[in-house]
Amino acid sequence: MERAISLIEGVLWDEEGFSTVGVALSLLLTLSLIFTAAQVYELDSASADVQEVADAAALASQNVVGEFYLLASVCDAVILSLSLGSVACLGIGVAASCVPPAAPISRTLIKASSDMAQARDRFGSLASEGLSRIQGLLPFLAMAKATQVSRANGDGDHAQYASVAVLSPFDADLLEAPDFSKSDAAQDAAEKGQDKLESEAAKAEEAAKEANEWKQKAYEADSGSRTKYCMYQRALTLADMKGSSNPYFSSVETWSFSAALKRSRAYYAKRLRTESPDGSSVLEKARSSLRKRVFSYAVKEMKKGYVRESEASFAAYFPLLPKNTSEMRKTELYTQAVYPIALDKEGMRCMHAWSGCPGMDGCQRIGVGSISQMESSTYVTCARCEFKAASMGKVLSASTNVDNGFEHYYRIVAEAAKEYQDARERLAPAKDAVEELAGNLFDMVEDALGQAAESRIRVSPPGRMGVVVITVDLSRHSASSVFPSTFVSTSGSLGPRVALSSACLLREESVEGETVISSFLDGVASKGDEGAVLGGARLALSLWSNLLRGYAQGQQAVVAGIKDSLDSIPFASESGLGDWASGRLLDVIERFGLEPPELRAAKAVLVNSGDVLSHMDGVFSARLMSLKSLAGSSSDGSLFSGALNQAEQAALGSLSSFDEEIELGSIRIIEGAVEIPLVISLPGFAKEYAGGIVGSFFDSVESLVSSLSANRRWE
């Protein structure tokens, strides 16, 4: 041994260092190690390619589930817009029923509401069926997508990839049918009560119109002009009344009957204070005395007057002053014993207009009496004051019967107040009936809006927790062909490789999802903008389009769309019921809450397969988790084989319902004026792989994994 070592040392080095042979041998060994390491690196790189393909297949398969969520959002938008549109049309129709001029629009809107409800139910039924079919196909579609990605990454000779994609979980939750019972109940109640509502609204409108006409007439008589005859102008001219005692009202909206009564009280009080004879003659003094008595009577009578007005009721009393002798006889002016009586020189009784009448000079005064006594007994007429019953009857006759007198316009106001009160008394029960009927319907509309806002499409499809992908590379490579080298020579080969990958959906804070939804919905809504449709039907279509467009923008946009439609109805009415109804409906609209849709884009991201498998039930997940924990320590290929059989059944079991196109529904409203079918075409790769390629890939993967053992990575 010592001689052998000594011999080797003599060959490899000498006294001066390495020998030439030693240097050559060292270089040869070093180069061999370098190229061997490079070959190992290339072998590992070739083996790692299958993992990249598995990752790509997992992401692509999970994005299929993300697209299903987007499709469900579109269906949710259509159903929500139809359900809200139906209820909103109904509410606007009920409000329009309170305004007789808008009755034709009301009937069209309530009919459109029924059409939308039917379209909602029809579309909802088809959409639920279609979404159920599509989510049933998701295991296959995910598998087909993984197959497409795998094939696209293969190059035939050097890489032949096959992938199996299994969604977690396998099964979908059943879609719950939306509940629109409250909307249907409101629709039924509105249709049954529409005739009565319109009838009562017409009564209220007629009574209100008559009342407003009388009020307008009274206003014009009291304060119709600054310069033309009216109570305001006559009080200013005849009594020099100004300021707060004689206000001028520029419109009937600012005027009330109480203003006329107050003006009358101030007018007669002023006339009483300022009354004086127009001349020095006895007749003028007699007339002035009688006017004072009339003004005093008027002041007392005006105090009896009243105006009690509220939004719900009206009651007024305008005392009427006598315009002639006949009416005077019905007042206390006729029975007041205030006129002096004297015996003339012939001993005849004579009644005088006032105590200062010169006709009593030299006569015996025997007391006072009334005009009633004068007419019921024998009296002679004073030659100086000429007092008789007609003298009192004529005091207000001219100013009442001629249009230049204050009393002329006061009587117009008084008569108008009575007619106004009669009309208001007919208005009140009709208005109460409308408010009760419509109010109950608005309450039902509010309940229906709340239910419609909550009745949304919520899906729980296969793959909602993620996807697991198994990818194999079926190609074989000799080790020397991977990295040819004269320094390293081997007869071994790189056999088939297998990789495992998983992905799940993650919501991103981006506008991509909203943009996609908005773009699609705008396209559907624009098809509903039918220019040939007019009137209430056109309003209903516009409302639906606004609601559809507003889906992605949130509750404010939806409420704004309803308000825009509400604003297009002429709610002005004599009875005020239009303003009441629109205001009540606005309160309902502003109170209802709408859950915002989930519009964040769902993006597939790679995750640990253990996280996905933990949400799966059944043999597949249990065995795959077992394989992960064993890390290849078992050589029992049947473990993986059974798992793949279950996955294959889950993916291919849905193909019995495979169609190239699936109709999600057809939007048909306004008696066919708008008809928009929503049809989903399955992707081309799904059609291609439906013929058995997917099944053959399962066979390839199962064949490979069954041949694996814990002690062999490549041959």
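Asp184 is partly exposed, at 35% relative accessibility; here buried means under 20% relative accessible area, exposed over 50%, and partly exposed in between (1.4 Å probe, protein chains only). The model is predicted, so local features need pLDDT of at least 70 and side-chain atom pairs count only at pLDDT 80 or more, while totals for chains, interfaces and linings use all residues. Residues are numbered from 1 along each chain as its sequence is written, and side-chain values use heavy atoms, with hydrogens and water left out.

The side chain of Asp184 meets that of Arg120 in a salt bridge, defined as a side-chain nitrogen of Lys or Arg within 4 Å of a carboxyl oxygen of Asp or Glu. Because Asp184 lies in helix α4 and Arg120 in helix α3 (residues 103-153), the pair ties together parts that are 64 residues apart in sequence. Helices (H or I, at least four residues) and strands (E, at least two) are DSSP runs, numbered from the N terminus. Arg120 is buried, with a relative accessible area of 0%.

By this rule the count comes to 24 salt bridges.

| Pair | N to O distance |
|---|---|
| Asp184 and Arg120 | 3.0 Å |
| Glu200 and Lys203 | 3.7 Å |
| Asp443 and Arg584 | 2.8 Å |

Glu200 and Lys203, by contrast, are three residues apart within helix α4, a separation of about one helical turn. Glu200 is buried at 14%, whereas Lys203 is partly exposed at 47%.

A network of salt bridges links Arg271, Glu275, Asp278 and Arg291. Arg271 is among the buried residues of helix α6, which also include Phe257, Leu261 and Tyr267. Helix α6 (residues 257-274) has 18 residues and reaches 26 Å from its first C-alpha to its last; the expected span, 1.5 Å times one less than the number of residues, is also 26 Å. The buried residues of α6 are covered by elements including α4 (181-223), α7 (282-304) and α13 (406-454), where contact means heavy atoms within 4.5 Å.

Elsewhere, four strands form an open sheet of mixed pairing in the order β8-β6-β7-β9, two strands being paired if DSSP finds at least two bridges between them. Strands β8 (364-369) and β9 (380-381) are the edges, each pairing on one side only. Strand β6 (residues 339-343) runs antiparallel to β8 over five bridges, and Ile341 has Gly367 in β8 as its bridge partner.
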